[in-house]
Amino acid sequence: MNPWKADFGVGVAGVAGLFVDRFGSARLVRRYQTARLRALLRHAYETVPFYRRRFDEAGIHPDQVRTLDDLQRVPVTLKSDLRAAPEEDVLARGCDPSRLARHGTGGSTGVPIEVRFTRFEDLLLRMVRLQALTRLGLRVWDRRCAVAFSEGTGRPGLRERLDIFRNRTFHTYWPAERLRAELRDFRPHVIRGYPSALSTLAQSLTDDDRRRIRPRFITTDSENLTALSRAHIEQGFRAPVFDIYDCFECNAIAYQCPRGGQYHVMDTSIVAEVLKGDRPALPGECGEIAITSLHSWAAPLIRYMPGDIVEQGASRCPCGAPNSCLAQ
């Protein structure tokens, strides 16, 4: 495998997927998703020893997967499977491990795992998340703020120099007084954070804070958004809250529809299955999610089960979007 050529191909296809997600019909989204899935499975079989063994043990060849429904014939991948495998077994042949971006995560189950991307794959997944935000109403010139467990570097990046998609990160462990002061000074149009942190912050806001901190909307991620936390955040900031279901392994998985309430799956980035035992869950049934990341070719994730329990949504959101849906 030529790593540069493969990475370039993933990038071009991924950017095309952003346009399909934005402007395509449900039929076009499904066609794109199926084509990228088949290409990923062939790539994994030909270049990744871990997946070649799993395909051979299951008695299936990637060419036998012709539709999204055929993906059910492929074995699922558990966190423990990847954690036990040597690095050279889970990386595509020709990838230089020293040049990969790495993210360590425990996920909702608390079981640690390291995921790896090329720099371009990592950037592409960030673009997918940005796509979700634009679907929620993010504008190019908006100021964004994240209340998270890390701080920004303080060095202006390309976006800051171009004065587009401006973003700052404030540490969630800062005293409430400092967080409120930073928000009053920055005046973000969009705020992102963990539900628990934003709920606590929202309850500390004063009327003077609210006159100067007036976000158009707020997004939450990384934790379950309870009804009580949502109420605290919406009442405190006086802005709507939209939840984003995400994980380090593939970034944005789905985002809450502003109109229909369902979660729109980022279908041109992943294939999301909700499994109830050994069968797909029906709408309204809860099951464990299995994710196939269409843009992760350096270290593929195929039918990967992070351990999250979700509810299968309706076949289509009432808003008419072409995405498949999760209920929560």
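Two strands count as paired if DSSP finds at least two bridges between them. Helices (H or I, at least four residues) and strands (E, at least two) are DSSP runs, numbered from the N terminus. This is a predicted model, in which local features need pLDDT of at least 70 and side-chain atom pairs count only at pLDDT 80 or more, while totals for chains, interfaces and linings use all residues. Residues are numbered from 1 along each chain as its sequence is written, and side-chain values use heavy atoms, with hydrogens and water left out.

**Sheet.** Select the open sheet of 8 strands, whose order is β5-β4-β6-β7-β8-β9-β10-β16, with mixed pairing. Its edge strands, β5 (166-171) and β16 (325-326), each pair on one side only. Next, take β4 (residues 143-148) and β6 (residues 190-193), which pair in the parallel sense over 4 bridges. Within this pair, valine 147 is opposite glycine 193 of β6.

**Cores.** A nonpolar core is a set of buried Ala, Val, Leu, Ile, Met, Phe, Trp, Tyr and Cys residues joined through side-chain atoms within 4.5 Å; buried means under 20% relative accessible area, exposed over 50%, partly exposed in between (1.4 Å probe, protein chains only). In the largest such core, of 33 residues, Tyr51 and Leu82 touch the most other members. The elements giving two or more residues to this core are α2 (26-47) and α3 (49-58), and α2 gives the most, with 6 residues. A second, separate core of 19 residues includes Cys145, Val147, Leu225 and Phe237.

**Serine 296.** Go to the loop between β13 (286-293) and β14 (304-305), where serine 296 is located. Is serine 296 buried or exposed? Serine 296 counts as buried because its relative accessibility is 1%. Not counting residues up to four places away in sequence, serine 296 touches Leu40, Phe117, Glu121, Leu125 and Leu301.

**Alanine 101.** Finish in strand β2 (residues 101-105), which contains alanine 101. Alanine 101 has a relative accessible area of 4%, so this residue is buried. Between alanine 101 and phenylalanine 117 there are 5.2 Å in space, C-alpha to C-alpha, although they are 16 residues apart in sequence.

How values were computed. Contact = heavy atoms within 4.5 Å.
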